[in-house]
Amino acid sequence: MAYERKEISIESIRRQEDICREIYDSFVSQKNRPLAMVDTYGCQQNEADSEKLRGYLAEMGYGFTQDEFEADVIVVNTCAVREHAEMRVLGNVGQLNHSKKQHPDQIIAVCGCMVQQEHMVEKIKKSYPVVDLVFGPHELWRFPELLLKTMTSHKRVFAAEKSDGAVAEGMPLKRDSSVKAWLSIMYGCNNFCTYCIVPYVRGREKSRKPGDILTEFRGLVEAGYKEITLLGQNVNSYGKGLEEQIDFSDLLNLLCTVPGDYHIRFMTSHPKDASHKLIDTIAAQPKLCKHLHLPVQCGSDRLLQQMNRHYTIEQYLELIEYARKTVPGITFSSDIIIGFPGETESEAMETVALVEKVRFDALFTFIFSPRPGTPAAKMDDPVPREEKQRWFDRLCAVQNGISEELHRQYVGQTLRCLVDGESDDARWPLTARTAGGRLVHCTGDRAALGEYRDVKITDSNTWALFGTIE
Ligand code: SAH
Ligand code: SF4
Ligand code: F3S
């Protein structure tokens, strides 16, 4: 099915920025600066979107708060990937009637993946009168217009039309960190894994132009960002549908020509499209982190087929083996779903066996959650939840043992890490990441924040390393 790649015109974005100025001007007579709160659920893509929402809000003159009782505008950026994520959002949105009672002019907006589903919009319309504005991911670029409409009409505004989505360039951004930055290289997904809601709520896969990515990337390096993470649901299919002949490895090579003191991470790599060329590129480019997040989902070929994943366990293991041979010291992380409809205990144990074989450095594990509208939600799912939980606990116990062993091997080594964050724990005031992405709780001078430093690893546990900045 051909899909036409659409872009929102730059004039349309400029028009949104004009609206930001209009809102800004309306605050001039106000004594106190208005405040906004942006609450984010879900993946890095949503974190990146929230930085755009904050960018617009900052242009409108808003300051930021984490306290809902203080906020004049609250934006809840939601996720739909599992039922648990949706329940948390709805619970927290329900709670906002307390702040709204104290502050009747408060505007409450709900955006993101969850509200790109018709049944959710209906639910909010009916049962969450506290919500004033609802807009889906495809409308994010026109948030200022929608907010102004909500402010002036004093009516509830709903904007979550069916759409394949479009690429929008030139939106303002307010980044959370000055050390690490997200950089979306593509949006949407075409893979339709049978359990997954993302293609339905995020629209068709569309790549940003390499020139636009390069410009943003250069800006980040010049601004002193040290870690730039390229984002896409399947970065390995970057470039499809563009006029330029370019694939993901070509894009990485292009970005690595930018001089500076930084490194690049990327996620997510779909195993069906992860090529030897990509792995050769990781080996050849010192600026690329020696780490691959390569979600396998399960250890059984029958289930992989049911999931519509388009690779076999043999192909997956071949990739891992090639990467280990080609990129010494490479680390791997993965996602796993336990309890896909029809999974048997012996299939779940095939997944556990795969995990034991690969020895992932980190694993994100989930119990299958039926998503309305996806094929898997209609499949026969006879295994009771408690049984799935048992398999899940078994998997987690195995992975925890592996993580603990792998982490112990770091103790005594001195590794070059990026000191990337501060913590409230006085014993370990700083956090750092190894080249392979392992978290290190550090002692040391806060002046090291944002710098590459040698860290001597002194201790470890299942979840992290501990060390001293030298
Ligand atoms: N595009 C990425 C994943 C995005 S969603 C990829 O293909 O790898 C992140 C993870 O959530 C998935 O890898 C999967 O493990 C999990 N997930 C997605 N839908 C789910 C569902 N319905 N139930 C449980 N886990 C799910
Ligand atoms: Fe979902 Fe599959 Fe697309 Fe990932 S590749 S977002 S799991 S449909
Ligand atoms: Fe959730 Fe949407 Fe990301 S469904 S995982 S926030 S793309």
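I take helices (H or I, at least four residues) and strands (E, at least two) as DSSP runs, numbered from the N terminus. The model is predicted: local features need pLDDT of at least 70, side-chain atom pairs count only at pLDDT 80 or more, and totals for chains, interfaces and linings use all residues. Residues are numbered from 1 along each chain as its sequence is written, and side-chain values use heavy atoms, with hydrogens and water left out.

**Entry 1: Gln 297**

I looked up the loop between β14 (291-293) and α11 (301-306), and Gln 297 lies there. Gln 297 has a positive phi of about 75°, yet is not a glycine. Is Gln 297 buried or exposed? I find Gln 297 buried, at 6% relative accessibility. My cut-offs are under 20% relative accessible area for buried, over 50% for exposed, and partly exposed in between (1.4 Å probe, protein chains only).

**Entry 2: His 154**

I turned to the loop between α6 and β7 (157-159), where His 154 is found. His 154 also has a positive phi, about 55°, and is not a glycine. His 154 is exposed, with a relative accessible area of 72%.

**Entry 3: a cis peptide**

I checked omega between Met 267 and Thr 268. The bond joining them is cis, with omega about 5°. Thr 268 sits in the loop between β13 (263-267) and α10 (276-284).

**Entry 4: helix α1**

I traced α1 over residues 10-26, 17 residues in total. From first C-alpha to last, α1 reaches 25 Å, close to the 24 Å expected at 1.5 Å a residue. That expected span is 1.5 Å times one less than the number of residues.

Which residues of α1 are buried? I list Ile 13, Gln 16, Glu 17, Ile 19, Cys 20 and Ile 23. Seen down the axis, they fall within an arc of 150°, so they line one face of α1. The arc is taken from the directions from the helix axis to the C-beta atoms. On the face turned away from the buried side, I note the exposed residues Glu 11 and Asp 25.

What covers the buried residues of α1 includes β1 (7-8), α2 (44-59), α6 (143-153) and β8 (167-168). Contact here means heavy atoms within 4.5 Å.

**Entry 5: α2 against α6**

I took the packing of α2 and α6: an angle of about 60°, axes 10 Å apart. Axes are lines fitted to C-alpha atoms, for helices over the stretch in contact, and angles run from 0 to 180 degrees between N-to-C directions. That makes α2 oblique to α6. Oblique is what remains after roughly parallel (under 35 degrees), roughly antiparallel (over 145) and roughly perpendicular (65 to 115). I read the contact as Leu 53, Tyr 56 and Leu 57 of α2 with Phe 143, Pro 144 and Leu 147 of α6.

Note on methods. Chains lettered and ligands numbered in written order.
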